[in-house]
Amino acid sequence: MDNLVEAPAVGPVRPGGRDYGSPSSARPSRTIGHGRIETVAIASLILTDTPRTSGTDPEHVLRLAEVKEGLPPILVQRSTLRVIDGMHRVKAAMLRGDDTIPVQYFEGSDAESFVQSVQANVAHGLPLSADEREAATERIVRIYPDWSDRAIAAVAGLSPPTVAGIRRRSTEKSSQLNRRVGRDGRRRPVDGAPGRKKAVDIMRERPEAPLRAVAQRSPQKPSKPSGSC
């Protein structure tokens, strides 16, 4: 994709379309179809709380300002009018003297909007720097502590081991969750040893018990997050 163009981001799929308000039970973001494009006054938009901790790149803004046609609409959280994706396009429009800009709305919470912003700015346009991706990952670990390292890595554009290191640094003063949500939306134990030990104990006590019953009584069996169907 042309580096001058930041493609519009799209919303996350949530398990069963339920439990929108609970970050820890939501499935990691996946793309869905685009919404209706509207024209919005630039003065009404909120340009804060972005994963670009270093701010916008002036040279990139200048290049975008020269592209008067063909830029995708920006993505905006409907409830707050905060720009999720397209900060450089907004600054370019302001530089041209435009009063309005094409917008697609995102329906989601502040936490979901931040994750969407990270995912969008890793995938296209002017990518987030390594430091910005690590800072964003630390924040995602805090708001979605039961997401797996692999799921967060897919959003932030980092490797799972890097996410694991960030998780250790950011949670060393708090208790670690013993289950995390993977990219498929299922919860799995971080350490399966306790579950395996319990299964062995059950089989010793009840050798005639069917394996299905043993699995249901041990904590190894993956379970779907609350609110899924």
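Reader: Which residue lies over the face of Phe 114?

Author: Arg 139 does, at 3.8 Å from the ring centre. In general, a charge sits over a ring if NZ of Lys or CZ of Arg is within 6 Å of the ring centre and within 35 degrees of the ring normal. Before we go on, note that this is a predicted model, where local features need pLDDT of at least 70 and side-chain atom pairs count only at pLDDT 80 or more, while totals for chains, interfaces and linings use all residues. Residues are numbered from 1 along each chain as its sequence is written, and side-chain values use heavy atoms, leaving out hydrogens and water.

Reader: How many aromatic pairs does a search of the whole structure find?

Author: Rings of Phe, Tyr and Trp (its six-membered ring) pair if their centres lie within 6.5 Å; planes under 30 degrees apart count as stacked, over 60 as edge-to-face and the rest as tilted. Here the search finds one pair. The ring centres of Tyr 144 and Trp 147 are 4.1 Å apart and their planes are at 25 degrees, so this pair is stacked.

Reader: Are Tyr 144 and Trp 147 buried or exposed?

Author: Buried means under 20% relative accessible area, exposed over 50%, and partly exposed in between (1.4 Å probe, protein chains only). Tyr 144 has 2% relative accessibility, so it counts as buried, and Trp 147, at 1%, counts as buried too.

Reader: Now a helix, please. Which residues of H1 are buried?

Author: Helices (H or I, at least four residues) and strands (E, at least two) are DSSP runs, numbered from the N terminus. In H1, residues 58-65, the buried ones are His 60, Val 61, Leu 64 and Ala 65. They fall within an arc of 140 degrees seen down the axis, so they line one face of the helix; the arc is that of the directions from the helix axis to the C-beta atoms. An α-helix has 3.6 residues a turn, so residues three or four places apart point the same way. Pro 58 and Glu 59, on the other side of H1, are exposed.

Reader: And how do I read the strands that pair with S4?

Author: Two strands pair if DSSP finds at least two bridges between them. S1 (residues 37-41) pairs with S4 (residues 100-106) in the antiparallel sense over five bridges, and Thr 39 has Pro 102 as its bridge partner. S2 (residues 74-77) pairs with S4 in the parallel sense over four bridges, with Ile 74 opposite Val 103.
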